[in-house]
Amino acid sequence: RDHQLTDDPDYLKRVWEPTKKAIRYLIEFDAADDRGGLDGLLDGRQHNTLDAEWYGKVHVLCSMYLASLRAAEELANAMGDEDFAKEVRGIYGKGRANIAQLFNGEYYEQLEDPEHLDAIGVGKGCYIDQVMGQFWANQLGLGRLYNADHQKSALRALWTYNFVPDYGAFRQIFRQGRYYGGAGDSGLLMCTWPLGGLRSDFKKHWQYMYFNEFMTGFEYQAAAHMVAERDDDLVEKGLAITRAIHDRYSARRGRNPYNEIECSDHYARAGSAYAVFLAVCGFEFDRSKGRLAFDPVIQQDDFKAPFTTSEAWGTYAQTPGQAKITITHGKLTLNE
């Protein structure tokens, strides 16, 4: 993303070797796995943003690994590093196929490590971030990372099993966790176990409380991905989740729409709201290629939205047969 946005022509040259080192760390972690070796999936002790070490093949982290391999291939091509591009492309190809091992027919599960069943995770749960790598790939023009039907099924499962129309009623039954909502509030829960498999061991960990919460940054991630898929039902679901957050923090309810609390005040992850906007616009920008793209998901016959690039901001508008770019500030040089 930084490479696509920067107006510094030497940026990638300066960061390329450290970037390769970071990717190599992931590849070596993958190769050290004794349950599959270098198979394009991460397996082992993995710290993550829910403040714990998870073990095994973790869907969200495997998904992000595949996104990083695809990004690494694009960066290697930009640097003319053909050997590294070929290497990461081969590993990505394995992972693209092997991640199907985690799909249960409806959504992706964590394949837990039997030697670490005392650790917290989500196991057979329907977890909000399970296909997060595709969320990133959508913003960067990296294309489909792996099976589209499986991914869409996973997103629909999130709506079916994790969307709560009235959080107050939910919390009468499930009391662990912080109250980022109340009676009449709607949103997308972090994790549920609709097919069973919730291990009692999970509940002894304090981090288990997270799974019963609404956290806006995670919700926006899922919503943006749904919108980006462009299927009518998924677009509607993604916009409904976004509206639920909007209503939860409405000033009409005495709340602060500029502070969508999820872990503390003014928490940065809530900024992923912008990803929903990018998805609605179908926006892509790559300054290194001089490429700007829009493909609106809604109101295609009468669409207008602001946009930002590395050096400019302005508006894009389209009506049947016409598209218009207006630069309000800065400059924009395009090849395509």
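Asp-231 and Arg-156 form a salt bridge, with their closest N and O atoms 3.1 Å apart. That pair links distant parts of the chain, since Asp-231 is in the loop between α8 and α9 (232-248) and Arg-156 is in helix α6, 75 residues apart. Keep in mind that this is a predicted model.

**The Asp-231 and Arg-156 pair**
- Asp-231 comes out at 22% relative accessibility, so this residue counts as partly exposed, given that buried means under 20%.
- Arg-156 is partly exposed too, with a relative accessible area of 28%.

**Glu-229 and Arg-144**
- Here the salt bridge has its closest N and O atoms 2.7 Å apart, between Glu-229 and Arg-144.
- The two sit 85 residues apart and link distant parts of the chain: Glu-229 belongs to helix α8 (residues 216-229), while Arg-144 is in the loop between α5 (132-140) and α6 (148-162).
- Arg-144, at 30% relative accessibility, counts as partly exposed.

**Arg-255 and Asp-185**
- Arg-255 pairs up with Asp-185 in a salt bridge whose closest N and O atoms are 3.0 Å apart.
- Because Arg-255 lies in the loop between α9 and α10 (273-281) and Asp-185 in the loop between α7 (167-173) and β5 (187-188), the pair ties together parts that are 70 residues apart in sequence.
- Asp-185 is buried, with a relative accessible area of 1%.
- Arg-255 is partly exposed, with a relative accessible area of 31%.

**A salt-bridge network**
- Beyond those pairs, a network of salt bridges links Asp-33, Arg-35, Asp-39, Asp-43 and Lys-57.

**Helix α9**
- This helix has 17 residues and spans 24 Å from its first C-alpha to its last, close to the 24 Å expected at 1.5 Å a residue.
- Its buried residues include Leu-234, Val-235, Gly-238, Ile-241, Thr-242, Ala-244 and Ile-245.
- Lys-237 and Arg-248 are also among the buried residues of α9.
- As a general point, an α-helix has 3.6 residues a turn, so residues three or four places apart point the same way.
- What do the buried residues of α9 pack against? They pack against α6, β4 (163-164), β5, α8 and α10.

Technical notes: Residues are numbered from 1 along each chain as its sequence is written. This is a predicted model: local features need pLDDT of at least 70, side-chain atom pairs count only at pLDDT 80 or more; totals for chains, interfaces and linings use all residues. Side-chain values use heavy atoms; hydrogens and water are left out. A salt bridge is a side-chain nitrogen of Lys or Arg within 4 Å of a carboxyl oxygen of Asp or Glu. Helices (H or I, at least four residues) and strands (E, at least two) are DSSP runs, numbered from the N terminus. Buried means under 20% relative accessible area, exposed over 50%, partly exposed in between (1.4 Å probe, protein chains only). The expected span of a helix is 1.5 Å times one less than its number of residues. Contact means heavy atoms within 4.5 Å.
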